[in-house]
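Hello,

Here is the structure we talked about passing on. Please open it next to the notes below.

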Amino acid sequence: TLVGCDLRILCGARAVNLFGSTLEQCTFRPRREMKDLRLTGLKLMGCTFLGRYTGCRFGNEEPDDEGEVRHCDFSQARIFHLCDFLAGTE
């Protein structure tokens, strides 16, 4: 569990591996465009997303995933085509 962290992502999306985690009130700051990033099965609560996202997935891909995306702020992010907000997102 991470709370109130500033996540500076300096690499491409292929090198980002987050799974089975809870992130609360964290800020995602990717330096590069995040392409095909999978933030599925994670609990994201009150997080802020900055930067560009293309073809990314948020929520639950599998029926047994226990992820949630609640009260997150995407207003400062650039969300491009094919981004999915799946089950478990609010």
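Among contacts (heavy atoms within 4.5 Å) between residues at least 6 apart in sequence, 37% join residues at least 24 apart. The model is a predicted one, where local features need pLDDT of at least 70 and side-chain atom pairs count only at pLDDT 80 or more, while totals for chains, interfaces and linings use all residues. Residues are numbered from 1 along each chain as its sequence is written, and side-chain values use heavy atoms, with hydrogens and water left out.

The protein has 13 strands and zero helices; helices (H or I, at least four residues) and strands (E, at least two) are DSSP runs, numbered from the N terminus. Its radius of gyration is 12 Å, close to the 12 Å that the globule rule gives for 90 residues, so the protein is as compact as a globular protein of that length. That radius is taken over C-alpha atoms, and the rule is 2.2 Å times the number of residues to the power 0.38. Of the 90 residues, 38% count as buried, meaning under 20% relative accessible area, with exposed over 50% and partly exposed in between (1.4 Å probe, protein chains only).

Now the strands. In a regular strand the side chains alternate between the two faces of the sheet. E2 runs parallel to strand E4 (residues 27–30), joined by four bridges; two strands pair if DSSP finds at least two bridges between them. The bridge partner of Asp 6 in E4 is Thr 27.

Three other strands form an open sheet in the order E5-E9-E12, with parallel pairing. E5 (34–35) and E12 are at the edges with a single partner strand each, so one side of each has no neighbour in the sheet.

Last, the aromatic rings. There are eight aromatic pairs. Rings of Phe, Tyr and Trp (its six-membered ring) pair if their centres lie within 6.5 Å; planes under 30 degrees apart count as stacked, over 60 as edge-to-face and the rest as tilted. Which kind of pair do Phe 58 and Phe 74 form? This pair is edge-to-face, at 5.3 Å centre to centre with 80° between the planes. Phe 58 lies in strand E10 (residues 57–59) and Phe 74 in the loop between E11 (68–70) and E12 (77–79), so the pair ties together parts 16 residues apart in sequence. Both Phe 58 and Phe 74 are buried.

Regards
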